[in-house]
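Please keep the model open beside you as you read.

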Amino acid sequence: MNQPQTPLSPVASINVASRVLTRLNDRRLRPLGLTFGQVPVLAALSQIDALPQKELVKLARIEQPSMAQLLARMERDGLVRRTPSPKDHRVSMISLTEACLAALPQALSALQETNSGALKGFSAQEVDLLQDMLDRVLTNLETDLTRSAAENDGNSR
């Protein structure tokens, strides 16, 4: 006999949805040699020719050590290249390779397919409301993260 499932909290539901979204997008992007985890970097670099790693960390909201590993894998796979900054040769500028740029239209199409499926049956007003609420959740979480980091910095002294 099946036991009734305990309803998830909204934040737990967001977490589960995020994991399912990642798996589905990874399946759709894999034939292109891409992963969903690379999307924040792809999005940032598709708008700007080249950025230093420090800027990518901010734009993609990825921690520095994780970004370093991600970029190393992307460079190994021929998706990004590093060139010295013309202003400071200690800084590498990260840019997308031609092969990666060529795959972007298909990648965007795959991501749009996932987005459309996830929002199937939602009205435009519901999508707007969901976006507004998720933006507010993200703002709250980022505020808590900043506060927590400041508290931890204060406690480690």
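The term salt bridge here means a side-chain nitrogen of Lys or Arg within 4 Å of a carboxyl oxygen of Asp or Glu. Because glutamate 113 lies in helix α5 and arginine 28 in helix α1, the pair ties together parts that are 85 residues apart in sequence. Helices are DSSP runs of H or I, at least four residues long, numbered from the N terminus.

Before going further, a word on the model: it is predicted, so local features need pLDDT of at least 70 and side-chain atom pairs count only at pLDDT 80 or more, while totals for chains, interfaces and linings use all residues. Residues are numbered from 1 along each chain as its sequence is written, and side-chain values use heavy atoms, with hydrogens and water left out.

Are the two partners buried or exposed? Glutamate 113 is partly exposed, at 47% relative accessible area, and arginine 28 is partly exposed too, at 26%. (Buried means under 20% relative accessible area, exposed over 50%, and partly exposed in between, with a 1.4 Å probe and protein chains only.)

Helix α1 (residues 10-29) packs with α5 at an angle of about 145°, the axes being 9 Å apart. These axes are lines fitted to C-alpha atoms over the stretch in contact, and angles run from 0 to 180 degrees between N-to-C directions. Leu21, Leu24, Asn25, Arg28 and Leu29 of α1 make the contact with Ala107, Ala110, Leu111, Glu113 and Thr114 of α5, where contact means heavy atoms within 4.5 Å.

Threonine 114, found in helix α5 (residues 98-118), counts as buried at 4% relative accessibility. Apart from neighbours within four places in sequence, threonine 114 touches Leu21, Leu24, Asn25 and Arg28.

The structure holds nine salt bridges, so let's visit another one. Glutamate 142 pairs with arginine 61, the closest N and O atoms being 2.8 Å apart. This pair links distant parts of the chain, 81 residues apart: glutamate 142 sits in helix α6 (residues 124-155), and arginine 61 in the loop between α3 (53-60) and α4 (64-76). Glutamate 142 is partly exposed at 28%, whereas arginine 61 is exposed at 58%.

Notes: Helix = DSSP H or I, 4+ residues; strand = E, 2+ residues; numbered from the N terminus.
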